[in-house]
Amino acid sequence: MGLSVTISAADARDAEHILKLQYLCYQSEAELYGDWSIEPLTQSLDALRAELEEGQGLVARLGDEVVASVRACVDEDGTVRIAKLIVHPRMRRHGLGGRLLDAIERHFAEGAATSAPTGTGTEAAPPVKRFQLFTGHRSEVNLRLYRSKGYAQVATRELGPRLTLVTLEKAA
């Protein structure tokens with residue numbers, strides 16, 4: 001990628017920027033499925049802040065602008081659940097989504113997680129066994145990226161007549 005983009009941990013100060021970017025990025029998904037009530041478009045700022053506190057968030061910045069983000073947490077079984085990988089529309093097709101995915105996997109694989117998602121903050125993180133994420137069945141660009149990074153489909157769940165979620169995972 002020829003752009004000077006840096007990836008770093010997200011913090012509470014990034015929450016509003018992430019939420020605005022998330023709203024922008026999920027417009028295309030809402031249009032693809034004909035559903036503007038999807039959770040990324042209705043999520044509150046407080047809920048996003050809670051996700052950042054309970055797990056790990058990363059942001060990619062071009063200068064001071066947040067242009068991409070991803071969030072993840074590890075459960076008690078050692079499954080890292082990766083969610084809301086977003087890239088600003090003008091920054092797509094430059095490998096940034098793949099870089100963020102690699103970075104969040106590396107964060108957990110190297111044992112950088114310091115606590116389990118139980119909320120007390122004192123438990124040791126379980127060993128990471130697998131990475132898991134999901135996307136809609138019509139989201140071909142997402143599916144192509146995840147498959148190129150070694151993810152394989154393990155389940156589908158129909159949420160309605162227009163949307164089936166595809167769950168993909170890979171071993172840590």
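Analyst: One definition comes before the first question: axes are lines fitted to C-alpha atoms, for helices over the stretch in contact, and angles run from 0 to 180 degrees between N-to-C directions. The model discussed here is predicted.

User: At about what angle to E3 does helix H1 run, and which strands does H1 lie across?

Analyst: Helix H1, residues 15–25, runs at about 95° to E3. The strands that H1 lies across are E2 (56–62), E3 (65–74) and E4 (79–87). Helix H5, residues 96–109, runs at about 35° to E3 and lies across E1, E2, E3, E4, E5 and E7.

User: How many helices and strands does the chain have, and what pattern do they follow along the sequence?

Analyst: There are six helices and seven strands in the chain. Read along the sequence, the pattern is β-α-α-α-α-β-β-β-α-β-α-β-β.

User: In what order do the strands form the sheet?

Analyst: Sheet order is read from pairing, and two strands pair if DSSP finds at least two bridges between them. Here seven strands form an open sheet with mixed pairing, in the order E1-E2-E3-E4-E5-E7-E6. Its edge strands, E1 (5–9) and E6 (152–158), each pair on one side only. On average, neighbouring strands of this sheet are turned by 25° against each other, direction ignored.

User: How many bridges join strand E5 to strand E7, and do these strands run parallel or antiparallel?

Analyst: E5 (residues 130–136) and E7 (residues 164–171) run antiparallel and are joined by seven bridges. As one case, Phe131 has Lys170 in E7 as its bridge partner.

User: Which residues touch the most other members of the largest nonpolar core?

Analyst: The largest core has 26 residues, and Ile82, Leu96, Ile104 and Tyr151 touch the most other members. Two or more residues are given to this core by each of E2, E3, E4, H5, E5, helix H6 (140–148) and E7. H5 supplies the largest share, six residues. A second, separate core has 15 residues, including Tyr26, Leu41, Leu48 and Ile86.

User: What does Tyr151 touch, not counting residues up to four places away in sequence?

Analyst: With those residues not counted, the contacts of Tyr151 include Ile82, Leu101, Glu105, Phe131, Leu168 and Lys170.

User: Is Glu105 buried or exposed?

Analyst: The cut-off for buried is under 20% relative accessible area. Glu105 has a relative accessible area of 9% and is therefore buried. Glu105 lies in helix H5. Not counting residues up to four places away in sequence, Glu105 touches Ile82, Phe131, Tyr151 and Lys170.

User: Which residues is Ala15 in contact with, leaving aside its neighbours within four places in sequence?

Analyst: Ala15 lies in helix H1. Leaving aside those neighbours, Ala15 is in contact with Leu45, Leu48, Arg49 and Leu52. Its relative accessibility is 0%, so Ala15 counts as buried. From Ala15 to Cys25, ten residues along the sequence, the C-alpha to C-alpha separation is 15 Å.

User: Why does the radius of gyration of the chain agree with a compact globule?

Analyst: A compact globule of 172 residues would have a radius of gyration near 16 Å; the chain has 16 Å, so the two agree. Of the 172 residues, 43% count as buried. Among contacts between residues at least 6 apart in sequence, 60% join residues at least 24 apart. The accessible surface of the chain comes to about 9200 Å², 50% of which belongs to carbon and sulfur atoms.

Notes. Residues are numbered from 1 along each chain as its sequence is written. This is a predicted model: local features need pLDDT of at least 70, side-chain atom pairs count only at pLDDT 80 or more; totals for chains, interfaces and linings use all residues. Side-chain values use heavy atoms; hydrogens and water are left out. Helices (H or I, at least four residues) and strands (E, at least two) are DSSP runs, numbered from the N terminus. Contact means heavy atoms within 4.5 Å. A nonpolar core is a set of buried Ala, Val, Leu, Ile, Met, Phe, Trp, Tyr and Cys residues joined through side-chain atoms within 4.5 Å. Buried means under 20% relative accessible area, exposed over 50%, partly exposed in between (1.4 Å probe, protein chains only). The radius of gyration is taken over C-alpha atoms; the globule rule is 2.2 Å times the number of residues to the power 0.38. Accessible areas come from the Shrake-Rupley method with a 1.4 Å probe; for residues, only the protein chains shown count as cover.
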